[in-house]
Amino acid sequence: MHPIIIFSKMDFSQSNLFGYIEDLQELTIIERPVRRSLKTPEEIERLTVDEELSDIERAVYLLSSGQDIQGTSVVANLPVLMRQNPAETLRRVLPKIREVLHVAGVEMQLTAAVSFLTVLQEELMSIHTYSHSFLHIILQNLEHRDAGVSNAWLETLLAVIEALPKETVRHEILNPLVSKAQLSQTLQSRLLSCKIMGKLANKFEARIIKRDILPLVKSLCQDAEYEVRTCMCRQLEHIAQGIGAELTKTVVLPELVELARDEGSSVRLAAFETLVNLLDMFDAGIFTPEQHLRFFEFYKKLSTLGLQQENGQNDNQVQVQTLEQENKYILVRKNCAYNFPAMIVFVDPKNFHLELYSIFFCLCHDPEVPVRYTMALSFYEVAKLLNSGVYTIHKELVTLLQDESLEVLDALIGNLPEILELMTNGGESCGSENKLLSIPDLITALTTAEQRAATSLKWRTHEKLLQKYACLPHIISSDQIYYRFLHRMLTIILTNNVLPVQKAAARTLCVYLRYNPKQEQRHEVIQKLIEQLGQGKSYWNRLRFLDTCEFIMELFSKSFFCKYFFLPVLELTHDPVANVRMKLCYLLPKVKSTLRIPTDKHLLQQLELCIRKLLCQEKDKDVLTIVKRTVLELDRMEISVDAFLKRFYENDLLDQEKERQEYLLLEMEQLEKEKQQNEGRSTNINNKISEKKRRDSKTSSVLAKRITLSVPGSSSAASAGKEDKKSKLVRSQSFSTQALHPKYNTLDKCPNISSATGYTCSVSGMGKNCMLSFTDDSFRTHSGGNSGNTAFPSSSSCNLYNSADQKSSGNKEIQTRKVNLLLWVKMETSGIICSSQ
């Protein structure tokens, strides 16, 4: 068979043929510059330099007979020559550079300006030598016809002025400047004079500036060319800084006022910007009361510009004006909103309610979104400035939280935790009643804001809002969080379709759970997390359960996670969805890090069993690969041991603090219950006594006294138990924060192992460990000798109290607390060091 040749893609018609020829000609044109760039032998000969010449001789030769590119290379290499041989460079090379620059091109001129500046900055010579050798060259090339070159030399000159002595600047720069600033000079010369005078203003004293420079300044401010007036107007800021506030008021400000009325728009803009920049150097105290009032009234008018109709105008005129001026008016009000914190400083925060609140109200309720957005951005600054009077703007916070635009809400929530902290705790002048009345409105506004963000398509705003809501435990009560926010977070985890939003809600829910002091509510939330997420029908919910467990491990103690979430997490090793098993495998190292041996030995066995099942039964290749990788990582991990080892003690300080706080929450809840019970008992006893007094009015006064004395006795016992409880909590907190003293370092070898939820108390010089662990109800005491971990009844613990006293107690719970309190006191006085494990 012969090969088949297809020519369907090529067309040799006459029209296409001419197209191919044109393409070939274009290729030829592209190649021509390459051929022309090749040097002829004659050109190469002219570019060749004798290798035996020194660097100075080579530089002089290239500047004298070389081409421009070689001369430019020498000029660029000038700082190197100055470092190697400064004397010869100044004597032979620099004069040649000065001659060449008269006819040099733009590239060499720019290179020379940079090299001269480099020599100055590196201080390769004294400033006197520099001014004698380089200053005249800089001044000669300052008025180059090319604007870029002129600006380059000007920048070099301005840097030189800062380093030169005053006398040199006066004779070499200031005196010639008088003639250069005259109206008869060129426009470029007068523009350069403006910029140089701005630099000279910071070089001399105020009297010299007033005598020699200010007359030139006034002349240039009234120049016939608007470019000169604009340039001089921008230099007035530097001149004002040189002459001070007093001369500025009498000399500079009148010129600025005149320039602000100039016919040229660029001049007016420069005057306005200069005035704004000069506000920093003026103290507000220099304003007279009339000027202060005038400025404030002008700001007040600008803040509502375009919102009020003028009298005498019909609707058509108003409509035309609105269409033409609307954008300008919005911009003006937006700038007023941006500068509102500065106006608080100007007026004084004490006068906010009388003078600025109405303006603040109008700007927060402005019909245009950009204005309200700007107010939301500056709300935190306003709240900080008001300090104790922050409650005054509470209603505006609620308004902005419920704004119809999510852009406004997004701007506000950036500093929402700080704003809420100031709003609820920062107001010193507002009483507790006002705070309590403000909370319901605030909670309603917060819930409304979250619901509006949830129903919108801007999920990033929703995510950001949920992250900021984690601050609420420090703002409102746990019951308010539980009934208004906590269940909402769980609903978002279960129903929302955006992963970042679900994770933000999960972490915030864990924060709420972390600071909830009621055990019943905590157990309810934990149960819902396990049932609705960990055992949910949707694999998406089970993935979110693993995310939530990561947050639990971050925020809670290790013992808390092991108690409630360890086994539910391991159950997901049998999940039918490979993605869930895969995510679990990534989580297993963190899960193992929560274990302590030997307390959690059974959990470690369960973990190892689940891993073996995964290795043997896993069918998904990706999951199996991750399982094998995880096994290697788990083998390298160390598990904390429940002995009082210094290494683990230092590594687990944070976890111990978390665990201590969790137990304190339980104790606080128990104390609250006891307080309510004691109050109820006291009320019943008082009611019975009153009723008995009414029935038995003829009873003797002695009997009445005895009855009366019995009342405080019963309440004192309860209050004593409560006080013992409080003192015990305080002492347990102080013990957990004590540092390990160097003299107890020998206890690191102690083999005794305490429970994961208890306190290990090491006795100096006794060779024993007294280990205490407590549950939600009371403390229980265990004692262990050197030989083992045998637990003894609390009545014989450490022989620190008499067991007969305990048997004779009428109330077992109160007596147990008293005994434990006595134990803590004796342990402290005996030199016992306690640390929470």
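Leaving aside neighbours within four places in sequence, which residues is Asp403 in contact with? They are Arg372, Val408 and Arg452. The model is a predicted one. The chain has 837 residues, of which 42% are buried, and it holds 40 helices and six strands.

**Whole chain**

- Among contacts between residues at least 6 apart in sequence, 69% join residues at least 24 apart.
- The chain exposes about 46200 Å², and carbon and sulfur atoms supply 53% of that area.

**Helix 7**

- Helix 7 covers residues 106-121, and its end C-alpha atoms are 23 Å apart. This agrees with the 22 Å that its 16 residues should span, because each residue is taken at 1.5 Å.
- Glu123 follows helix 7 and has a positive phi, near 50°.

**Asp403**

- Asp403 sits in the loop between helix 22 (394-401) and helix 23 (406-412).
- Asp403 counts as buried because its relative accessibility is 6%, under the 20% cut-off.
- The Asp403 side chain reaches the backbone nitrogen of Ser405 at 2.8 Å.
- Two arginines, Arg372 and Arg452, are among the residues in contact with Asp403, as is Val408.

**Glu618**

- The loop between helix 34 (601-617) and helix 35 (621-635) contains Glu618.
- With a relative accessibility of 11%, Glu618 counts as buried.
- The side chains of Glu618 and Arg581 are joined by a polar contact of 2.8 Å.
- The Glu618 side chain also reaches a backbone nitrogen, that of Asp620, at 3.0 Å.
- Not counting residues up to four places away in sequence, Glu618 touches Lys613, Val623 and Leu624 as well as Arg581.

**Glu554**

- Glu554 belongs to helix 30, which runs over residues 539-555.
- Glu554 counts as partly exposed because its relative accessibility is 40%, between the 20% and 50% cut-offs.
- Asp655 is 101 residues from Glu554 in sequence, and their C-alpha atoms are 9.6 Å apart in space.

**Nonpolar surface patch**

- Phe272, Val276 and Leu279 make a nonpolar surface patch of about 290 Å².
- Val276, one of the three, is in helix 15 (residues 265-278).
- The relative accessible area of Val276 is 40%, so this residue is partly exposed.

Definitions and conventions:
Residues numbered from 1 in each chain as written. Predicted model: local features only at pLDDT ≥ 70, side-chain atom pairs only at ≥ 80, totals over all residues. Heavy atoms only, no water. Helix = DSSP H or I, 4+ residues; strand = E, 2+ residues; numbered from the N terminus. Buried < 20%, exposed > 50% of the residue type's maximum accessible area, 1.4 Å probe, protein only. Polar contact = N/O pair within 3.5 Å; in protein donor to acceptor, adjacent residues only side chain to side chain. Contact = heavy atoms within 4.5 Å. Patch = residues over 30% accessible without salt bridge, like charges linked within 9 Å, V, L, I, M, F, W, Y side chains within 5 Å. Areas by Shrake-Rupley, 256 points an atom, 1.4 Å probe, with all protein chains shown as cover. Salt bridge = Lys/Arg side-chain N within 4 Å of Asp/Glu carboxyl O. Expected span 1.5 Å × (residues − 1).
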